[in-house]
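Subject: Structure handover and findings

Dear colleague,

Please find below the structure that I am passing to you. I would be grateful if you could read the notes after it alongside the coordinates.

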Amino acid sequence: MNRRTYLRAVGTGAAVGLAGCLGGIGGNSNVSLSKPERENDVTSEDLPYPAWGQQVPDVTLTDPIHETEVSVRDIDGPHFHTFFFTNCMTVCPVLISALREAQIHSISEGYADDVSFYPITFDPARDDAAAFKKEANDMNVDMDAGNWHFLRTADEAEAKDVVEDQFGVFFEKNEPDEDGNYMFTHLGLVMLVNGDGYVERTYRGNQPDEQTLLDDLTALREA
């Protein structure tokens with residue numbers, strides 16, 4: 001089975017998957033949080049996406065709102081990624097909401113400069129600066145805090161390469177309806193990454209637990 005076929009199988013099955021951070025024991029010099037416990041002795045190497053102790057891809061994406069280029073591997077400090085599209089009406093609002101709650105906590109508790117958020121769209125055909133601004137407004141994201149950056153690729157082909165082939169996050173464009181509107185089937189995933197570009201935790205599923213995200217972020221910040 002090739003990588004893309006495996007990603008499709010994993011992604012389709014994840015539509016009803018469970019999310020959450022799993023604490024555990026173990027050590028890796030590239031990360032601060034301990035090795036997560038996983039069922040069936042699954043290791044990070046068994047997963048299609050970068051997981052605990054592995055580095056995120058060396059890719060550069062565009063932040064169209066701030067008109068900047070972001071080298072994903074060079075982001076300073078703890079940060080979160082998720083993968084979404086703004087026209088989604090199912091899992092994506094839940095993923096963005098979970099990160100928004102973490103952002104709210106960072107602002108209210110005075111550490112907004114110490115954490116950042118980088119959602120990546122796989123629908124660059126529609127997700128431009130205007131679409132991202134509307135998403136921020138609809139989801140009550142605080143763009144003035146300076147720690148939230150919506151990212152996109154140049155086109156659909158690059159989105160497939162970056163999001164699916166390099167990040168290992170399955171997504172598949174569905175057939176458009178009679179009006180030309182389309183949706184995506186995709187894996188629900190959130191990543192907590194450290195300032196060296198290594199994944200500390202992955203939260204797979206459609207409903208990441210917000211308190212778990214905060215607890216792991218706190219542990220990483222205090223490590």
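The notes below cover the overall fold, the annotated site and a few individual residues.

This is a predicted model, in which local features need pLDDT of at least 70 and side-chain atom pairs count only at pLDDT 80 or more, while totals for chains, interfaces and linings use all residues. Residues are numbered from 1 along each chain as its sequence is written, and side-chain values use heavy atoms, with hydrogens and water left out.

Overall fold

The protein has five helices and eight strands (DSSP runs, numbered from the N terminus: helices are H or I of at least four residues, strands E of at least two). From the N terminus, their order is α-β-β-β-α-β-α-α-β-β-β-β-α. Of the 223 residues, 49% are buried (under 20% relative accessible area with a 1.4 Å probe, protein chains only; exposed means over 50%, and partly exposed lies in between). Among contacts (heavy atoms within 4.5 Å) with a separation of 6 or more, 68% join residues 24 or more positions apart.

Annotated site

An unreviewed UniProt entry lists Cys88, Cys92 and His186 under "binding site"; such annotations may be inferred rather than shown by experiment. These residues span 99 residues in sequence, yet no two of their C-alpha atoms are more than 10.5 Å apart, so they gather at one spot. Cys88 lies in the loop between β3 (79-84) and α2 (91-108), and His186 belongs to strand β6 (residues 184-186). Cys88 is buried at a relative accessible area of 7%, and His186 is also buried, at 7%. Leaving aside residues up to four places away in sequence, Cys88 touches Pro93, Met183 and His186.

A buried arginine

Arg201, in strand β8 (residues 199-204), is buried but has no salt bridge (a side-chain nitrogen of Lys or Arg within 4 Å of a carboxyl oxygen of Asp or Glu). The nearest side chain of opposite charge is that of Asp216, 4.3 Å away. A polar atom of the Arg201 side chain lies 2.8 Å from the backbone oxygen of Ser34.

Positive phi angles

Asn40 has a positive phi, near 60°, and sits in the loop between α1 (3-13) and β1 (60-63). Asn140 has a positive phi of about 60° and is placed in the loop between α3 (129-138) and α4 (156-166). Asn40 is exposed, with a relative accessible area of 73%; Asn140 is exposed at 56%.

Yours sincerely

Definitions and conventions: Lys, Arg positive; Asp, Glu negative; His and termini not counted. Polar contact = N/O pair within 3.5 Å; in protein donor to acceptor, adjacent residues only side chain to side chain.
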